[in-house]
Amino acid sequence: DAMVIQNPRYQVTQFGKPVTLSCSQTLNHNVMYWYQQKSSQAPKLLFHYYDKDFNNEADTPDNFQSRRPNTSFCFLDIRSPGLGDAAMYLCATSFTGGRNEKLFFGSGTQLSVL
Amino acid sequence: DAKTTQPNSMESNEEEPVHLPCNHSTISGTDYIHWYRQLPSQGPEYVIHGLTSNVNNRMASLAIAEDRKSSTLILHRATLRDAAVYYCILRDDSGGYQKVTFGIGTKLQVIP
């Protein structure tokens with residue numbers, strides 16, 4: 001039973017064409033994270049929400065935005081994708097983000113930019 | 001954030017135990033040690049975590065040094081399905097909301 005669901009599994013977009021990736025969770029967790037993972041690299045945190053409180057990483061480009069309309073859903077918007085934005089995008093959740101808690105990850109969305 | 005150091009890659013024979021090391025010499029007293037693994041084309045999955053005492057679960061064991069400056073993830077009997085990248089992560093309260101930062105990890109190859 002999937003608990004963190006990412007759609008689509010694969011997404012192809014054109015250079016400069018806005019794209020939205022989605023994530024949903026059935027765990028009722030307070031914290032939702034978005035990571036970017038390029039080939040052979042470690043996942044890199046872009047931003048996260050604690051409830052409706054948005055927390056952006058300092059080095060996340062302005063091109064990346066996020067929305068969390070309710071507890072269950074979170075979206076990653078890339079306003080003008082460049083070739084360098086091709087990557088796996090991972091969504092994760094945690095109950096409160098406490099250091100004694102584990103993260104639950106989705107299977108990721110592989111984004112290609114043509 | 002306290003840093004971790006892991007070997008880039010390791011090999012193991014199938015059905016043999018695997019010991020994956022992690023150094024974290026700057027760990028603070030309240031940092032938890034977490035391990036995740038990432039199978040090819042999948043998101044990371046939680047393996048195990050601990051604070052001071054050794055921990056066991058159905059997936060693995062975590063051995064934590066007495067001074068907490070290092071730890072070892074132990075897979076008791078490696079299978080081909082254990083081939084993955086294993087990440088050792090310290091979780092603390094710095095940066096707010098306990099964000100989780102991944103290092104490079106150790107790529108484990110299991111040889112049949």
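The model is predicted: I required pLDDT of at least 70 for local features and 80 or more for side-chain atom pairs, while totals for chains, interfaces and linings use all residues. Side-chain values use heavy atoms, without hydrogens and water.

**Chain A**

I looked up Arg67(A) and recorded a salt bridge with Asp77(A), with 2.7 Å between the closest N and O atoms. Arg67(A) is in strand S7 (residues 64–67) and Asp77(A) in strand S8 (residues 73–78), 10 residues apart; strands are DSSP runs of E, at least two residues, numbered from the N terminus. I then checked accessibility, where buried means under 20% relative accessible area, exposed over 50%, and partly exposed in between (1.4 Å probe, protein chains only). Asp77(A) is buried at 14%, whereas Arg67(A) is partly exposed at 39%.

**Chain B**

I noted a salt bridge between Arg77(B) and Glu15(B), at 3.5 Å from N to O. Arg77(B) lies in the loop between strands S7 (70–75) and S8 (84–91), and Glu15(B) in the loop between S1 (9–13) and S2 (18–23), so the pair ties together parts 62 residues apart in sequence. Arg77(B) is exposed at 55%; Glu15(B) is partly exposed at 48%.

I next examined Asp82(B), which forms a salt bridge with Arg37(B), the closest N and O atoms lying 2.8 Å apart. Asp82(B) is in the loop between S7 and S8 and Arg37(B) in strand S3 (residues 32–38), so this pair joins parts 45 residues apart in sequence. Both residues, Asp82(B) and Arg37(B), are buried. I also recorded that a network of salt bridges links Arg37(B), Glu45(B) and Asp82(B).

Conventions:
Residues numbered from 1 in each chain as written. Chains lettered and ligands numbered in written order. Salt bridge = Lys/Arg side-chain N within 4 Å of Asp/Glu carboxyl O. Helix = DSSP H or I, 4+ residues; strand = E, 2+ residues; numbered from the N terminus.
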